[in-house]
Amino acid sequence: MVRHQRFADFVTTPPLKGLGGDIELLRRIVQDDPVAVDLLDRALQSPRGRPEENVSNRHISRPAGTTGAAALRRLRKDRPDLHAEVLAGNLSAHAAMVEAGFRHRTISVPVDQPDAAAKALKKNLAPEDLAALAKLLQS
């Protein structure tokens with residue numbers, strides 16, 4: 001029987017002692033399933049504390065930027081309530097990040113059509129924010 005210290009070692013070790021795969025391929029395979037993305041991230045996350053002496057030094061990159069995996073990791077750490085909502089399918093990872101205050105809500109505004117830009121801003125901004133924007137544009 002073969003045992004690995006880390007899941008990443010199991011994935012990358014050639015058969016018959018491992019999958020002989022690639023971590024990035026595994027991430028691409030599960031990318032559309034938030035539960036699978038979260039489980040994979042948990043499996044790849046290094047345990048806290050001092051590593052055991054025989055642990056491989058292979059570096060497994062953690063999710064970064066605005067990826068869904070990075071959002072899930074942040075929510076799991078700082079907002080477990082919203083993390084659970086994402087895994088249950090009630091919220092997208094982005095919507096949960098906005099609700100938690102970790103990201104700002106954004107909209108797209110067409111820059112070559114002033115009337116369409118105005119319509120988009122009116123629809124999405126509060127009246128006081130529109131007034132502040134108008135002042136900024138006139139100064």
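Contact, as the word is used in these legends, means heavy atoms within 4.5 Å. The views that follow are taken from a predicted model.

**View 1. Helix α2 and what covers its buried residues.** In helix α2, which spans residues 23-30, Ile23, Arg27 and Val30 are buried. These residues cover an arc of only 75° around the axis, which puts them on the same side of α2. What covers the buried residues of α2 includes α1, residues 7-12, and α3, residues 34-44. At the start of α2, a side-chain oxygen of Asp22 reaches to within 3.2 Å of the backbone nitrogen of Glu24.

**View 2. The chain as a whole, as a setting for the close-ups.** Of its 139 residues, 22% count as buried. Among contacts between residues at least 6 apart in sequence, 36% join residues at least 24 apart.

**View 3. The largest nonpolar core.** This core has 16 residues, and those with the most contacts inside it are Ile23, Leu44, Leu75, Leu82, Val86 and Ala96. The elements that give two or more residues to the core are α1, α2, α3, α4 (68-78), α5 (80-87) and α6 (93-100). The largest share, 4 residues, comes from α6.

**View 4. The loop between α1 and α2, at Thr13.** Thr13 lies in the loop between α1 and α2 and, at 17% relative accessibility, counts as buried, because the limit for that class is under 20%. The side chain of Thr13 reaches the backbone oxygen of Asp9 at 2.5 Å. When residues up to four places away in sequence are not counted, Thr13 touches His4, Gly18, Leu19 and Gly20.

View 5. The peptide bond from Pro15 to Leu16 is cis, with omega near 10°. Leu16 lies in the loop between α1 and α2, and at 86% relative accessibility Leu16 counts as exposed, whereas Thr13, in that loop as well, counts as buried. The C-alpha atoms of Leu16 and Val2, which stand 14 residues apart along the chain, are separated by 9.2 Å.

**View 6. The packing of α3 against α5.** The axes of α3 and α5 come within 8 Å and cross at roughly 130°. That angle makes α3 oblique to α5. On the side of α3 the contact is made by Pro34, Val35, Asp38 and Arg42, and on the side of α5 by His83, Val86 and Leu87.

**View 7. The packing of α3 against α4.** Helices α3 and α4 pack at an angle of about 70°, with their axes 10 Å apart, and they are therefore roughly perpendicular to each other. Here Pro34, Val37, Asp38, Asp41 and Arg42 in α3 meet Ala69, Leu72, Arg73 and Arg76 in α4. Pro34, Asp38 and Arg42 of α3 also take part in the contact with α5.

**View 8. Asp41 and its polar contact with Arg76.** Asp41 lies in helix α3 and, at 4% relative accessibility, counts as buried. The side chain of Asp41 makes a polar contact with the side chain of Arg76, at 2.7 Å. With residues up to four places away in sequence left out of the count, Asp41 touches Pro63, Arg73 and Arg76; Arg73 and Arg76 are among the residues of α4 that meet α3.

**View 9. Leu91 in the loop between α5 and α6.** Leu91 is found in the loop between α5 and α6 and is partly exposed, with a relative accessible area of 23%. Leaving aside neighbours within four places in sequence, Leu91 is in contact with Leu82, Glu85, Val86, Ala96 and Glu99.

How values were computed:
Residues are numbered from 1 along each chain as its sequence is written. This is a predicted model: local features need pLDDT of at least 70, side-chain atom pairs count only at pLDDT 80 or more; totals for chains, interfaces and linings use all residues. Side-chain values use heavy atoms; hydrogens and water are left out. Buried means under 20% relative accessible area, exposed over 50%, partly exposed in between (1.4 Å probe, protein chains only). The arc is that of the directions from the helix axis to the C-beta atoms. A polar contact is a pair of N or O atoms within 3.5 Å; within protein, one must be able to donate a hydrogen and the other to accept it, and residues adjacent in sequence count only if both atoms are side-chain atoms. A nonpolar core is a set of buried Ala, Val, Leu, Ile, Met, Phe, Trp, Tyr and Cys residues joined through side-chain atoms within 4.5 Å. Axes are lines fitted to C-alpha atoms, for helices over the stretch in contact, and angles run from 0 to 180 degrees between N-to-C directions. Angles under 35 degrees count as roughly parallel, over 145 as roughly antiparallel, 65 to 115 as roughly perpendicular and the rest as oblique.
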